[in-house]
Amino acid sequence: MKHTLVALLEDKPGVLNRVVNMFSRRAFNIESLTVGHTEQPHISRMTVVVDGTNTDVEQVVKQLYKLIDVLKVSDVTQDKTVFRDLALIKVSTNRDSRAEIVQLAQIVGARVVDVAQDSVILQMTDEEEAIDAFVALIRPFGIKEMVRTGRVAMVRGAQGVTRAPSFEELAHPTQRPRYEARKKVPVDLTGEAG
Amino acid sequence: MAIREPTRQDIQHRNGKADGQRMSGAHILCESLIREGVDTIFGHPGGVVLPLYNVLPDYPQIRHILVRHEQAGAHAADGYARAGRRVGVCLATSGPAATNLVTGITSAMMDSVPIVAITGNVATSVLGKDAFQETDVFGITMPITKHNYLVTRVEDLARTIKEAFHIASTGRPGPVLVDIPKDVFINEATFHYPETINLPGYKPTLQGNAKQVKAAAHLINQAKRPVILAGHGVTIAQAREELVALAEKAEIPVITTLLGLSAFPESHRLSLAMPGMHGAGYSNMAINECDVLVGIGQRFDDRVTGKVEAFAPKAKIIHVDVDPAEIGKNVRCDVPIVGDARHVLRQLIPEVQPAEHKEWLETIEGWKREMPLTSLPPGSRFVPQVAVRAIWEATKGDAIVVTDVGQHQMWAAQHFWYDKPYSFISSGGLGAMGFGVPAAIGAKVARPEETVWAIVGDGGFQMTIQELATIAEERIGVKIALMNNGYLGMIRQWQEIFYNRRYSSAYLGGPDYVKLADAYGIKALRAQTREQCRLVIEEAMAYDGPVLCDLQVEAEENVYPMIPPGGSIQNMLLQPADRD
């Protein structure tokens, strides 16, 4: 199963290097990784997609937490979450095919952001599966170039667990939820040991 | 250079004077180190740290020990930290010096030892331009430090040092590297040593979760065959008394890992010897048969567990560790408790009911008779085990033993009884040959009143042999027991057992170590028989100063018992003589 982790990081020199370095050293298999700014200055937000079948997701979370610059890690896979990926796709066109490509783009909600003699650039923002389907659909026309951002995620509703902490919250870090406190570990209190 | 001991007034005077003053980065660094209570630096000068070396003589309260290789500086800081139970500091210049530190830093990382490594780097104006002796030490040391810094502004220096010492010494300790470009040493700023630390992403959990502690106590109270597996974390947390209290209250035998040696008194009736690859058969049997295993401050290293699937197959496992990432990493866990060993033990003791496990202890006693760990080969053969015993007898166990890596390390673990707290220092996780002598230097500097024995093999000894010069120059009174068998002993043993006696590059031969020590101006003694060994150890003990004992032991002695890598107790090899 694919897991989506959202990590909040202090925006310090080398922090991305630290994270990537750790993934590589621990032989964690990462499907995608995106980093960007948040609503708080000096705090970056990273979305990591990990395949739980080949990587121990709990270890990924714990190892991320071990990095001093990592403030908070949430596994939002089970939450009600909006997932989005953005793709820019440059498709070959000619007089005959252009109209059809634009029409297909309109159907799936992709935008035409550049038109040239023999190509168009389409921009699509959606969940990865929808983009995958569109890419498959458009491939026969000839994809000249494609770039995708990788998944970003945000939990729905007012009390998102992935909100970046404000400076006041950072100054009183006791309010910060600890990973092990959120984790439910089944313990057999009744059965005979052994 | 004569070094005057600073008085408290000196330091207060200086501290009072420094705050709010404008000074160079080099002065700020020294003032900051003094605030952190640093009295010793193991370092080696070089181009870009010369501005720092230029001001070091202004701070007589900091003793700078000139090591002959930066690797030794890092190992010495490690030994200093473990013996002295404070942060060790090593210092090196940029480029090759910084990369020389890497082995020592990695060893400290693997063994959770608090050291702060300070490196110089080229000036910020040429950073990234492949300047002379430039290395990306910040990048290189990222995976081998608990945290590291590249300080690009002199204004950030004091705060960085404060954070570095805090991170190194709290939670699960570890090395922190601070890389300082040359111009940051030279540029000036107003010195203010921060009172507080603001690290929102770093808050180690010390207190265990109360519910989990209750669950653990419940398992312990129900156990018929409980065992405690205690590691370095108990030593680090200074939780020896608490461990003894828990073991006695619930009558639980205590197995200590290699780095857990001296975390529990070995003369205690509940003490079992080290487990694992070269561990005691009875300790491994106890793990194999126990119904509850309480792991405290240890990380189920593969040298302890062997084949993970066959490890403690009948047990519910309780794992106490200050580092959440260690729990569930190698071995399944039924009750995880994140917390510092001392805090969690203090929480556990009142929850655990007094108990007796007579039958279980008798079973273990039976295994002890069946397969004793510490039998010496009969006859008069001068084997290394005899030398370890001789040191134990001569010191009565009242010494700090520092080992290198290899066969002798295992014998030092097996044939010496570690009753004294904090008395065993070794490169356990990394297994860095060359660790022994420099770490012993660090230990002796930290605890000059203690007898410090470095037990080393002739392979590892030669990797940092240049430190004999440091020992001689600084008159550091370490006693070196060199187990000289002319072989890379552990390599030879593996080649004998697993590679059909094909000894490939295992033979060392070696120089005349007595002559060599003479050349350095260090007293040297030689032993070729059991009787000579006893006399040599006694003479070394009686001598006030450093001594090298060249113990020419039998060449082809093997460490037993041995569980081949990836094996389990069923695969255990016993001493051939014991097998029939």
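I count two residues as in contact if their C-beta atoms, placed from the backbone, lie within 7 Å. With that settled, I opened the model, which is a predicted one.

**Entry: domains of chain B.** I looked up the domain assignment and found domain 1 at 8-190, domain 2 at 210-370 and domain 3 at 384-560. I then checked how domain 2 of chain B meets domain 3 of chain B: 12 residues of domain 2 are in contact with 14 residues of domain 3.

**Entry: where chain B touches chain A.** Here I found 31 residues of chain B in contact with 28 residues of chain A. Which element of chain B gives the most to this side? My note says α10(B), with four residues. Elements of chain B that each supply at least two residues include α7 (137-140), β6 (147-150) and β14 (335-338). By class, I listed 17 nonpolar, eight polar and six charged residues on the side of chain B that touches chain A.

**Entry: chain B as a whole.** I looked up 25 helices and 20 strands in chain B. Its radius of gyration is 24 Å, close to the 25 Å that the globule rule gives for 580 residues, so chain B is as compact as a globular protein of that length. The C-alpha trace of chain B spans about 75 × 60 × 45 Å along its principal axes. I also noted that 56% of the 580 residues in chain B are buried. Lastly, of the contacts in chain B between residues at least 6 apart in sequence, 77% join residues at least 24 apart.

Methods: Residues numbered from 1 in each chain as written. Chains lettered and ligands numbered in written order. Predicted model: local features only at pLDDT ≥ 70, side-chain atom pairs only at ≥ 80, totals over all residues. Domains from an automatic or database assignment. Nonpolar A, V, L, I, M, F, W, Y, C, P; charged D, E, K, R; others polar. Rg over C-alpha atoms; globule rule 2.2 N^0.38 Å. Buried ≥ 20, exposed ≤ 12 C-beta atoms within 10 Å, placed from the backbone.
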